[in-house]
Amino acid sequence: MGTIGTIIGWLVLGLVAGFIARAVVPGKDDIGILRTIVLGIVGSIVGGLLVSIFTGFNSFQPASWIGSIIGAIIVLVIYNKVTGRKQVGR
């Protein structure tokens with residue numbers, strides 16, 4: 001049950017962090033639920049990496065809720081720039 005609980009926790013964290021990131025970043029995102037979950041999970045990893053860089057801790061861990069949301073926002077902005085989505089004035 002421990003492994004299944006961990007997987008469910010990651011999915012919930014990814015969904016919530018990804019959804020909040022999509023709500024904060026202006027414009028419409030048509031990326032679906034699965035990509036929203038992946039966005040949140042990747043955002044958690046990015047947030048954890050940023051926390052380790054700024055605090056000096058060498059342990060690589062996923063971030064907390066706030067770090068996950070901030071990381072997901074960063075990942076979504078980069079994703080939009082790379083893919084050319086949400087161009088203003090088009």
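**Figure 1. Overall architecture of the predicted protein model.** The protein contains three helices and zero strands, and its elements follow the order α-α-α from the N terminus. Of its 90 residues, 29% are buried. Among contacts with a separation of 6 or more, 64% join residues 24 or more positions apart. The accessible surface amounts to about 6000 Å², and carbon and sulfur atoms account for 72% of this area.

**Figure 2. Close-up of S68 and its polar contact with S44.** S68 belongs to helix α3, which spans residues 65–83. The relative accessible area of S68 is 0%, so this residue is classed as buried, the limit being under 20%. The side chains of S68 and S44 form a polar contact at 3.1 Å.

**Figure 3. Close-up of the nonpolar surface patch.** The patch covers about 1100 Å². Its members are I4, I8, V12, L15, V16, I33, W65, I66, I70, I74, I78 and V82. Helices α1 (2–24) and α3 each contribute at least two residues to the patch. The greatest contribution comes from α3, which provides six residues.

**Figure 4. Close-up of I66, a member of the nonpolar patch.** I66, like S68, is located in helix α3. With a relative accessible area of 61%, I66 is exposed, because the value is over 50%. Helix α3 thus carries both the buried S68 and the exposed I66.

Key. Residues numbered from 1 in each chain as written. Predicted model: local features only at pLDDT ≥ 70, side-chain atom pairs only at ≥ 80, totals over all residues. Heavy atoms only, no water. Helix = DSSP H or I, 4+ residues; strand = E, 2+ residues; numbered from the N terminus. Buried < 20%, exposed > 50% of the residue type's maximum accessible area, 1.4 Å probe, protein only. Polar contact = N/O pair within 3.5 Å; in protein donor to acceptor, adjacent residues only side chain to side chain. Patch = residues over 30% accessible without salt bridge, like charges linked within 9 Å, V, L, I, M, F, W, Y side chains within 5 Å. Areas by Shrake-Rupley, 256 points an atom, 1.4 Å probe, with all protein chains shown as cover. Salt bridge = Lys/Arg side-chain N within 4 Å of Asp/Glu carboxyl O. Contact = heavy atoms within 4.5 Å.
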